Amino acid sequence: MAYRILLSLLIVGGSLCGQVRYEDILEAPSHDWLTFMGDYSANRHSPLGEITTDNVADLVPKWTYHVSSARRLTSYPIVHDGLMYVTNSNEVYALDARSGRLVWSYRQEDVENDRQNRGAAILGDRVFFVTTDCRLVALNRLNGAVIFAEEYADPDDGYHCTAAPVAIKDRLIVGVSGGDSGMRGFLEARSPEDGSQVWKLWTVPAKGEPGADSWGPKTLDWGGAATWMPGSYDPELNWLFWPTGNPWPDFYGGDRPGDNLYSDSLIAVDLDTGELQWYFQFTPHDVWDWDAQEPLVLLELELDGKKRQVVVQANRNGFYYILDRKTGEFLHASPFVDKLTWAEGIDENGRPILVPGMEPTFEGKEVCPTVRGAANWMSDSYNPDTGLFYVMTLEACDIYTASAKEPEPMIGFAGTGGERPPGAGGQFVLRALRPETGERVWEYPLTGPTTAWAGTLSTAGGVIFFGDDDNHLAAVDARDGKHLWHYNLGQPVYASPVTFEADGKQYVTIVSQTDVFTFGLFEPAVSVPQVDTGRKP
Amino acid sequence: MPWDAATSAEFMGKPEAIEKGRESYLLVCSGCHGATGEGGRGPNLITGRNIRRATDADLFESIQNGIPGSDMPPSPLPDEQIWQIAAFVRNLSAPALEQNVPGDPDAGRAVYYGAAGCNNCHMIRGEGGFLGPDLSNAGIKGNFNSIREGVLEPNKRFSPGFRPVVVTLADGTTVKGSAKNNSNYSLQVIENSGKLHLLPKQKIREANFQEASWMPADYSQRLSEDEVRDLLAFLSRQAVGGAPSKP
């Protein structure tokens with residue numbers, strides 16, 4: 001049967017049979033959460049406003065779902081018509097979003113290793129996710145019946161896969177991981193009908209191609225530049241804005257002289273053809289493992305008196321960047337953390353002004369920020385009412401060591417790494433930035449051990465939700481960062497919150513280490529009558 | 001020929017070894033364990049947890065040395081013959097895909113979509129009905145015995161999330177389908193059309209869980225022996241990868 005995206009969306013008093021269209025995702029987020037970042041712009045701002053700064057103090061837990069096989073959930077749920085899709089390594093769970101009851105689950109049994117999984121995609125009547133061994137799997141979203149499981153990268157070539165696919169029109173955009181151990185990165189578009197390849201864009205050029213001369217012969221074939229986080233999409237340009245990861249080996253650049261394109265970059269890619277439109281590299285010749293896998297947020301900003309369509313990123317290297325979305329023109333960069341020692345600034349071309357002597361050494365060199373970076377893959381958000389950009393930042397430094405050992409791919413060799421100096425803990429700081437200038441407007445420092453990977457969510461009710469590194473889901477006022485509410489989840493958080501509406505009520509969900517928690521405003525309990533089941537004792 | 005990995009590989013999963021093992025099994029083991037391994041005086045070799053968890057070495061040694069404290073005696077058979085029996089026993093609980101189930105899978109496909117009408121309630125690769133379990137990975141998820149039981153004895157056990165139910169809503173309308181989950185407070189039901197109902201119990205007047213499966217229990221009469229054989233051969237080869245959906 002030819003797969004067709006139907007136009008009708010039918011909701012009948014608690015019954016579901018609606019198809020998700022590209023147009024629905026384009027208009028998102030609304031009462032649903034239809035894609036990894038909420039919408040294609042990665043603003044992560046929900047128009048839902050039932051939960052406000054005035055009543056968020058009345059937020060209470062509504063339900064918890066325990067994923068018994070989980071070791072570390074990192075999933076951003078998808079929610080459509082009261083059904084929530086949460087992923088674990090090689091698994092998908094479909095939950096009744098009102099009650100947290102399991103409707104169906106799917107496990108890819110024949111996978112040899114478990115790694116994290118960041119989420120699913122939804123389109124039509126299907127839900128899609130990737131397995132650790134890089135199969136794109138399509139399931140019927142109502143009963144979890146498997147439709148196809150198509151391999152798009154071979155683990156024997158150094159790949160594993162963790163990213164949430166992104167569904168756009170008739171494409172599923174998928175990426176690969178493995179850049180810390182040597183592989184050749186790429187981005188692909190696949191068909192949601194049968195999983196077949198539509199196009200492939202290598203993020204490391206082949207010998208003789210443009211950019212290949214920015215590598216050395218030993219590492220070109222295994223250069224990394226992984227694509228392990230989803231990017232953004234501009235429907236007017238019909239372009240993807242996708243982040244790429246570090247070059248390999250991560251911490252020793254002697255075998256890869258040059259900038260190492262297109263590692264640590266933003267690549268603008270035509271959705272239809274997969275052709276590269278432009279690129280911007282944040283950390284040329286990276287030797288600190290500073291993947292550019294932070295959210296690429298599409299905004300319209302007034303700069304120098306002119307409205308501009310831009311893409312912004314609070315990059316792992318500690319600088320906040322603004323780029324023109326159409327041309328890739330570098331417009332601005334400024335530090336968003338204090339602990340930043342590797343570069344004095346960014347020049348007028350967008351290149352870092354390096355501080356001499358900040359590369360990893362065989363003996364160890366303290367450099368700020370850490371390997372984890374000043375920011376990382378956890379979500380940022382933008383609130384159009386405050387005009388502020390909310391970032392979870394990390395103030396910390398590492399001692400970086402390097403090794404000139406002959407690079408051997410696929411054995412976990414990264415050219416060594418970084419570790420925190422003894423006694424130097426570091427600190428997460430939730431910051432609100434003025435996106436036009438990078439100016440810090442307010443800060444909310446955290447007190448935990450900096451082990452979380454939780455980002456922010458903005459809502460029309462003026463609330464910023466975020467996970468902290470002390471096992472909480474918390475809420476602050478978007479205007480000034482004033483604490484409003486928190487809840488102790490009892491376990492670390494490695495994902496960012498989402499919000500949705502069901503039966504006219506707003507809920508907030510966060511996935512913690514092994515459980516899915518959902519919160520809503522307090523309502524007095526209503527007695528539930530016993531229902532006759534025809535069962536005899 | 002004591003256990004080692006190379007010896008295991010020489011016998012385990014090999015059709016010729018399994019067939020020879022079957023012949024020996026029938027002569028030596030079936031008196032206690034049943035002609036098809038279903039058990040009797042000795043345990044069930046298909047579903048028995050200890051059997052399925054046993055290593056290849058465990059199987060070999062149990063057959064050769066017997067099990068002290070039980071009625072399982074040691075065997076005087078030569079090592080090679082014991083290995084063949086072990087291969088046969090292992091195969092009893094192996095996924096159907098590995099069991100080389102006899103029959104014509106192409107003819108079985110015609111039965112599946114024709115005389116048996118399985119696709120009315122089951123899906124394969126996303127095509128079919130919603131009432132029954134997804135069969136896309138029947139060859140991986142189940143062994144031959146479980147598939148056979150599922151087809152011919154559907155009332156023996158319900159797969160989790162597929163208990164038949166007839167629900168009368170508070171407004172008097174009726175929903176007939178499979179209960180995905182049930183508690184004192186909510187019920188999730190899917191109709192064969194794919195309409196999924198997420199129902200708080202306040203919206204339900206009555207929920208009658210049926211004793212009998214929605215699936216016909218008379219396929220052994222409706223279908224000929226050849227049709228049943230071919231249908232099982234077809235189902236045993238279904239493998240997209242991974243497990244079918246289950247709550």
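Two residues are in contact if their C-beta atoms, placed from the backbone, lie within 7 Å. By that rule, 64% of the contacts in chain B between residues at least 6 apart in sequence join residues at least 24 apart. The model is predicted: local features need pLDDT of at least 70, side-chain atom pairs count only at pLDDT 80 or more, and totals for chains, interfaces and linings use all residues. Residues are numbered from 1 along each chain as its sequence is written, while chains are lettered from A and ligands numbered from 1 in the order in which they are written.

**Chain B overall**
- The C-alpha trace of chain B spans about 70 × 40 × 30 Å along its principal axes.
- Chain B has eleven helices and seven strands (DSSP runs numbered from the N terminus: H or I of at least four residues for helices, E of at least two for strands).
- Of the 247 residues in chain B, 43% are buried (20 or more other C-beta atoms within 10 Å of the residue's own, with C-beta atoms placed from the backbone).

**Nonpolar cores**
- A nonpolar core is a set of buried Ala, Val, Leu, Ile, Met, Phe, Trp, Tyr and Cys residues joined through C-beta atoms within 7 Å.
- The largest nonpolar core has 205 residues, and Ala120(A), Ile122(A) and Phe128(A) have the most contacts inside it.
- Apart from this core lies another of 19 residues, including Ile51(B) and Leu92(B).
- Ala120(A) touches residues that include Ile78(A), Tyr85(A), Phe128(A) and Ala164(A), not counting residues up to four places away in sequence.

**Helix H5 of chain B**
- Helix H5(B) covers residues 56-65, and its buried residues are Leu59(B), Phe60(B), Ser62(B), Ile63(B) and Gln64(B).
- These buried residues pack against helix H6 (79-92) of chain B.

Key
A residue is buried if 20 or more other C-beta atoms lie within 10 Å of its own, exposed if 12 or fewer, and partly exposed in between; C-beta atoms are placed from the backbone.
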